Structures are given as C-alpha cells and as structure tokens.
Amino acid sequence: MIIDCHTHAYPAEVVAAPRDWARTHREVHWAELVAPLDRPSIQGWSELDTMLAAMDAAAVEQAVLLGWYWENESTCRQQNTAIADWLAQAPQRLIGFAAIYPNANVIEQLESAQALGFRGVGELHMGVQNFSAACPHWQMMAAWCSAHNWPINLHVTETAGHEHPGSVATPLQELVRMATAAPNLKLILAHWGGGLAFFEQNPRLRKALRNVYYDCAASPLLYEMRVFKQMVDLVGIDKLLFGSDYPLRIYPRSQKTPDMTRYIENIQSKSGLSPTDLRQLMGGNFARLMHA
Ligand SMILES: [Zn+2]
C-alpha cells in the first residue's frame with residue numbers, strides 16, 4: 001500500500017490569483033516561492049478530483065494533505081477549513097495535517113484542527129514562522145502533539161547547496177534540541193532532513209533522534225537517486241517515509257502538469273532498494289508511525 005506523506009492543497013481562491021491573494025493576506029514568502037515574477041514557477045496546482053485521479057493513476061492509496069507554513073494564524077485557519085472540506089469528501093484517501101502558527105493561541109489552534117478531523121501538524125518552517133526549540137509556543141505544541149500521538153512535519157532546508165530564491169535556513173541544531181526536549185514527539189523532517197541524517201552516525205545523537213523520521217519530498221530537485229540507498233545506510237529504512245511534494249513539479253523540464261506516477265516509478269526502478277525496503281518506505285513506515 002502506497003501512502004504519500006507529503007502533499008499540499010490550496011483553496012480555490014488562492015489558486016485563482018496567488019499573488020493578489022498573498023498580498024491581501026500578507027503571505028509574502030509563499031508568493032515568492034509559488035508565483036515569482038523573475039523566473040518560471042515550478043508550482044503546480046490541484047483540485048480534489050485531479051488529485052484523486054493522480055493518486056489512482058499512481059496506485060497511491062492514501063495521501064497526507066499538509067498545510068503550509070503561513071506567516072499568519074488567520075491564514076493557517078483558513079487553509080485548515082478549506083482542507084477539512086477535502087478530508088470530508090475523501091475520508092478514506094486523505095489524512096490531514098494542520099497548518100499551525102506557533103503563538104499564544106497554539107493549543108486552541110490544535111484543538112480546532114482536531115475537531116475538523118486533522119491528525120497531525122505540518123508542514124511548519126521555523127525560519128519563516130519564527131520559532132525555535134526555546135519558543136514556549138513550540139514547546140506547548142510539542143507537548144500536545146506528544147500526548148495525542150500527532151506527528152509534526154517540519155520543512156528542513158538543505159544545510160549546504162545551490163542558492164535558490166526564497167530559501168530560508170532551518171538550523172539543524174534546533175532540530176536536535178526539539179527532539180531532545182520532546183523524546184516522544186514524532187518529528188517528520190521534510191526533504192531528507194537537510195543533512196541531519198549524517199549526524200545520526202554519532203551514537204548519542206542517534207539516541208536523541210530516535211523518533212525522528214525523514215521524508216523524500218521533492219528529492220529529484222536536489223539529489224541523485226542514489227540518495228535513497230545512502231539514507232538507508234545512514235539511518236536505516238525504518239525512519240524513511242515516501243512523500244512527493246505533489247503538486248509541485250519536481251521534474252520541471254519534462255513535467256508540464258503535476259503527477260505522482262513518475263517519481264514513484266523512479267523510486268521503484270532506480271533507488272536500488274529491495275522490495276521489502278520499498279514496501280516500508282512507500283507506506284509501511286508511515287502506517288506504523290500513525291498507529292504506534
Ligand atoms: Zn518543504
């Protein structure tokens with residue numbers, strides 16, 4: 001069973017005019033990423049029916065709809081309301097992770113999201129949303145999510161790499177502090193965790209990071225396919241999760257409209273993982289982490 005743990009969706013009015021919408025909602029960073037003026041955008045968009053068709057075409061049984069790392073609590077709430085509508089229409093296919101802005105209202109935001117049917121938090125971004133391990137609102141959220149077995153998906157920017165516009169740093173040491181302070185919290189670090197996996201070779205860190213997972217969202221934009229096997233060597237297959245970043249066009253040269261098929265076929269044919277490891281990566285690990 002394939003579960004895509006990293007997808008995004010936006011309300012129809014956002015998709016219709018992203019820059020105008022972003023201006024009125026003070027979401028400058030998002031607009032710069034998805035609708036830049038100085039270069040072609042690799043963002044794709046989906047509606048509920050096109051997303052379900054993409055899932056069917058790629059034999060994806062379930063997908064996690066992530067929120068976005070909005071800069072305002074009000075935008076987080078708006079997107080959660082819109083995504084809750086999708087969840088209600090396809091409850092067997094979609095799992096919702098809520099957009100949350102870590103501020104003094106954080107517990108109320110989490111409880112509202114829970115009432116709407118969400119089962120986790122993310123994708124959050126400590127650089128864009130201005131929080132750190134020492135932030136009391138982060139700590140309140142981490143405690144609530146630990147108690148409710150809600151994973152938190154965090155965007156992690158690659159620690160070294162090609163400079164790209166709109167990229168905001170996410171210091172790895174903060175992730176270590178977060179994991180150490182909340183050892184039962186399930187942290188899903190997006191985009192292979194930005195390099196943190198290397199430091200799991202330190203036994204003390206490996207222990208501190210035992211509830212940290214890594215997703216492979218958007219990997220083709222950053223790394224060669226051998227990264228899959230190397231991540232298995234670094235942290236073990238149990239900690240790796242399949243996520244695509246759909247509807248981002250992660251093969252921008254050849255992919256005119258978003259799909260889930262190409263990435264999955266590439267992983268199956270070019271990652272070098274065994275059939276058993278593939279089953280864990282593609283859904284087994286995520287199913288276990290949601291239930292354990
Ligand atoms: Zn991300």
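In which strand is Glu123 found?

Analyst: Glu123 is found in strand β4. The model is predicted, and what follows was computed from it.

Glu123 and His155 link distant parts of the chain, being 32 residues apart. Strand β4 covers residues 120-124, whereas His155 sits in the loop between β5 (152-154) and α8 (172-181).

The backbone at Glu123 also deserves a remark. The peptide bond from Gly122 to Glu123 is cis, with omega near -10 degrees. In general, most peptide bonds are trans, and most residues other than glycine have a negative phi. A cis bond also joins Tyr246 and Pro247, where omega is about 5 degrees. Pro247 belongs to the loop between β8 (240-241) and α12 (261-270). As for phi, Arg26 is not a glycine, yet its phi is positive, at about 55 degrees. Arg26 lies in the loop between α2 (18-24) and α3.

Helix α3 leads on to the pockets. Both α3 (28-34) and α10 (219-222) supply at least two residues each to the lining of the largest pocket. That pocket holds about 1,100 Å³ of space. Its lining has 41 residues, and Ile42, His164, Leu221, Leu222 and Leu248 lie nearest its centre. By class, the lining comprises 20 nonpolar, 14 polar and seven charged residues.

The second largest pocket has a volume of about 210 Å³. It is lined by 14 residues, with Gly194, Gly195, Tyr223, Val227 and Met231 closest to its centre. Eight residues of this lining are nonpolar, five are polar and one is charged.

Helix α6 (residues 106-115) packs with helix α7 (residues 136-147) at an angle of about 35 degrees, and their axes are 9 Å apart. The crossing of α6 and α7 is right-handed. On the α6 side the contact is made by Val106, Ile107, Leu110, Glu111 and Gln114, and on the α7 side by His137, Met140, Met141, Trp144 and Cys145. Seven of the residues in the contact of α6 with α7 are nonpolar, two are polar and one is charged.

Technical notes: Residues are numbered from 1 along each chain as its sequence is written. This is a predicted model: local features need pLDDT of at least 70, side-chain atom pairs count only at pLDDT 80 or more; totals for chains, interfaces and linings use all residues. Side-chain values use heavy atoms; hydrogens and water are left out. Axes are lines fitted to C-alpha atoms, for helices over the stretch in contact, and angles run from 0 to 180 degrees between N-to-C directions. Helices (H or I, at least four residues) and strands (E, at least two) are DSSP runs, numbered from the N terminus. A crossing is left-handed if the near helix is turned anticlockwise from the far one by less than a right angle, and right-handed if clockwise. Contact means heavy atoms within 4.5 Å. Ala, Val, Leu, Ile, Met, Phe, Trp, Tyr, Cys and Pro count as nonpolar, Asp, Glu, Lys and Arg as charged, and the others, Gly among them, as polar. On a 1 Å grid over the protein atoms alone, a cavity is a set of points where a 1.4 Å probe fits but cannot get out, and a pocket is an open set with protein on both sides within 12 Å along at least five of seven lines; lining residues have an atom within 4 Å of a point. Grid points are joined across faces, edges and corners, and a volume is the space filled by probe spheres set on the points.
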